[in-house]
Amino acid sequence: KMEKLNIGWIGTGVMGNSMCQHLMKKGHKLMISTRTQSKAANLIELGAQFVQPKEMAEKCNVIFLMLGYPCDVEEVVLGEKGILHQMKKGAILVDHTTSSPDLATKIYQKGKEVGIESIDAPVSGGDVGAKNGQLVVMCGGEKNILEQVHPLMDCYSKKIELMGGAGKGQHTKMANQILISSGMIGVVEGLIYGYKAGLDLKNLIDLLSGGAAGSFSLSSYGPRMLKRDFKPGFYVEHYVKDLGIALEESKRMNLSLPGLAMTNQFYLSLMANGGAKDGTQALLKTLESMNNVQIPKHEYQLIL
């Protein structure tokens, strides 16, 4: 049944591109749309059909979104030329963008009014998870709707979990971003401490990754920091957007989360110093400048 579905995908950036490749490798035909067509050249070469969102909405049973900001999602879905009012009755919209829980709920409700189903389904695992088809997907919506698109998501995911009704996928992603936030500071501070203490940082990462201090951030981003490879797996500006949503939601729930607020300030400083398009591992630079140190570039064989 999945084979015969017309599948649409809007947003083929760092993450979306890899996710589309996995779908196509499993034999699914895709219609794609993205602001910068050249970014989708490899997918078009693999046989994806490049169309405008309107045409996609009229033809597809399932449409996936992987965009940058909530405002992008709102425009693409609910805007003047929004796809929600052009989609077929009974079609399913899956939003992989990390966005606001409120917007996810709004899309769900507006969809219901016009016979369109939706799932908010932000992902975790970064560019490496997307490349390797090992993403974790946290979903909000209805069980029977998720079951229909589950086989498609399986193409690029290792775990897909329904966390509750509309918006609960986004709330789960906020918890994820909060968990990562202070952890990233820990990785950076640990490496700077190790450097000043004269330790071999490669050995430090290899040894400590296997102990209680081990984490995805240490294993995945530690080596990139040592290589001074600040290319984005996940853009700083997108992470700051996420932290902003988490802070807004916290305020709404009368929560004081000082670790989250502090991490947000460090990343704002990184952006103010030109790091918006860096990857989140570039937080190293902020704490280096605070301490007037710079960890020298290491030759490091990255195993992805």
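## Arginine 35 and aspartate 72

Arginine 35 is exposed, at a relative accessible area of 76%. Relative accessible area is computed with a 1.4 Å probe on protein chains only: buried means under 20%, exposed over 50%, and partly exposed in between. Aspartate 72, at 11%, is buried.

These two residues form a salt bridge, with the closest N and O atoms 3.7 Å apart. A salt bridge here is a side-chain nitrogen of Lys or Arg within 4 Å of a carboxyl oxygen of Asp or Glu. The pair links distant parts of the chain, 37 residues apart: arginine 35 sits in the loop between S2 and helix H2 (41-45), and aspartate 72 in helix H4 (residues 70-78). Helices (H or I, at least four residues) and strands (E, at least two) are DSSP runs, numbered from the N terminus.

## Basis of the model

The model is predicted, so local features need pLDDT of at least 70 and side-chain atom pairs count only at pLDDT 80 or more, while totals for chains, interfaces and linings use all residues. Residues are numbered from 1 along each chain as its sequence is written, and side-chain values use heavy atoms, with hydrogens and water left out.

## Other salt bridges

The structure holds 16 salt bridges. One of them joins the side chains of lysine 59 and glutamate 55, at 2.7 Å from N to O. Both residues belong to helix H3 (residues 53-59), where they are four residues apart, about one turn of the helix. Lysine 59 counts as partly exposed at 37% relative accessibility, and glutamate 55 counts as partly exposed at 27%.

Lysine 159 and glutamate 161 also meet through their side chains in a salt bridge, at 3.5 Å from N to O. Lysine 159 is partly exposed at 47% relative accessibility, as is glutamate 161 at 37%. Elsewhere, salt bridges with shared partners join Lys112, Glu117 and Glu142 into one network.

## The sheet

Six strands make up an open sheet with parallel pairing, in the order S3-S2-S1-S4-S5-S6. Its edge strands, S3 (49-50) and S6 (117-120), each pair on one side only. Two strands pair if DSSP finds at least two bridges between them.

Strand S2 (residues 30-33) pairs with S3 in the parallel sense over two bridges. Methionine 31 stands opposite glutamine 49 in S3.

## The buried side of H7

In helix H7 (residues 143-153), the buried residues are Ile145, Leu146, Val149, Leu152 and Met153. They lie on the same side of H7 because they cover an arc of only 100° around the axis. The arc is that of the directions from the helix axis to the C-beta atoms.
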